[in-house]
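Me: I'm new to this structure and would like to walk through part of it with you. Could you show it to me before we start?

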Amino acid sequence: MDGDLLVNRDGVRIVSQSEPDAPPPIQPADNQMSLADIDTIKVIGKGNGGIVQLVQHKWTCQFFALKVIQMNIEESARKAIAKELKINQSAQCPHVVLCYQSFYDNGAVSIILEYMDGGSLADFLRKVRTIPEPYLAAITKQVLKGLLYLHHEKHVIHRDMKPSNLLINHRGEVKITDFGVSAIMQSTSGQANTFVGTYNYMSPERISGGKYDYKSDIWSLGLVLMECATGQFPYAPPEQEEGWVNVYELMEAIVEQPPPHLPSDQFSPEFG
Ligand code: ATP
Ligand code: MG
């Protein structure tokens, strides 16, 4: 057992041997793809920033995911975005979602990404409610390899590690996506209080506005794993409330409470 995870229509299992690696997606011969070369199949997801569509390349019939983020950016922000998109496009790691091409056109950034047919860990978690520890170990191993690559090879902090940014495919591969996207959003929104994402997984040092580094992503991953293990976000909202209605209360809890732990009778000491 090498701990690799396989997810398919029948569910999730650990494969006993590594399966041969599938060939990387074929790229069009000239290595350039334009929006004119692709057909839209359907919308597969919506986020705060925009929509994600399943698209098909006209000539190779290969599937991709197209992410379109609406933004009106000033000249000064363009450079920052171009830089981020370049990092995105140069990332080559089996545990980071490949970015093939990106464009800025007519007030929207379009990014052509590797299509992950199993959806996100958030979608998966909604279906299964909790993920047993051995499977989580397999997922974690892959995500950590991806993070190691981003941190030490690309020298970027992801900044938005959360279940919807971890994607799965039918081969049981788990990959990190949307690194750099949060940096783009930040560079265009300017003020911190225009942040529209979730604070749930944000580390205390980031919330406090202090210096933060790679470890911030590890904090976020820790909370994601705890949520997968128990089926619940680790910070419980105040009594009689369904969820966190006040984001400032949540932020205060994250900064002031000791880090959450898993119940020691249900999980291994290493995980807890
Ligand atoms: P937010 O905008 O708050 O960060 P999000 O991460 O869910 O939330 P998007 O990144 O726009 O928003 O993604 C929306 C959904 O589209 C994801 O939850 C996922 O299910 C799907 N998705 C995103 N990228 C891909 C991809 N490369 N392959 C397959 N599905 C994807
Ligand atoms: Mg996302």
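This is a predicted model: local features need pLDDT of at least 70, side-chain atom pairs count only at pLDDT 80 or more; totals for chains, interfaces and linings use all residues.

Me: Which residue in β4 is the bridge partner of Val 43?

Reply: β3 and β4 form a hairpin, with three residues between them. Across this pairing, Val 43 has its bridge partner in β4, and that partner is Gln 53.

Me: Which residue in β5 stands opposite Leu 54?

Reply: Let's move on to the next pairing. β4 and β5 pair in the antiparallel sense, over seven bridges. In β5, the residue opposite Leu 54 is Ala 65.

Me: Which residue takes a positive phi in the hairpin of β4 and β5?

Reply: This hairpin has five residues between its strands. The phi in question is near 65°, and the residue that takes it is Cys 61.

Me: Is Lys 67 buried or exposed?

Reply: Lys 67 lies in strand β5, which spans residues 63-70. The UniProt annotation "binding site", from an unreviewed entry, covers Lys 67. Its relative accessibility is 14%. Buried means under 20%, so Lys 67 counts as buried.

Me: Which residues does Lys 67 touch, not counting residues up to four places away in sequence?

Reply: Leaving out those sequence neighbours, the list includes Ile 51 and Val 52. Lys 67 also touches Val 109, Ser 110, Ile 111, Leu 113 and Asp 178.

Key: Residues are numbered from 1 along each chain as its sequence is written. Chains are lettered from A and ligands numbered from 1 in the order in which they are written. Side-chain values use heavy atoms; hydrogens and water are left out. UniProt positions are given in the numbering used here, feature names are shortened, and annotations may be inferred rather than shown by experiment. Helices (H or I, at least four residues) and strands (E, at least two) are DSSP runs, numbered from the N terminus. Buried means under 20% relative accessible area, exposed over 50%, partly exposed in between (1.4 Å probe, protein chains only). Contact means heavy atoms within 4.5 Å. Two strands pair if DSSP finds at least two bridges between them.
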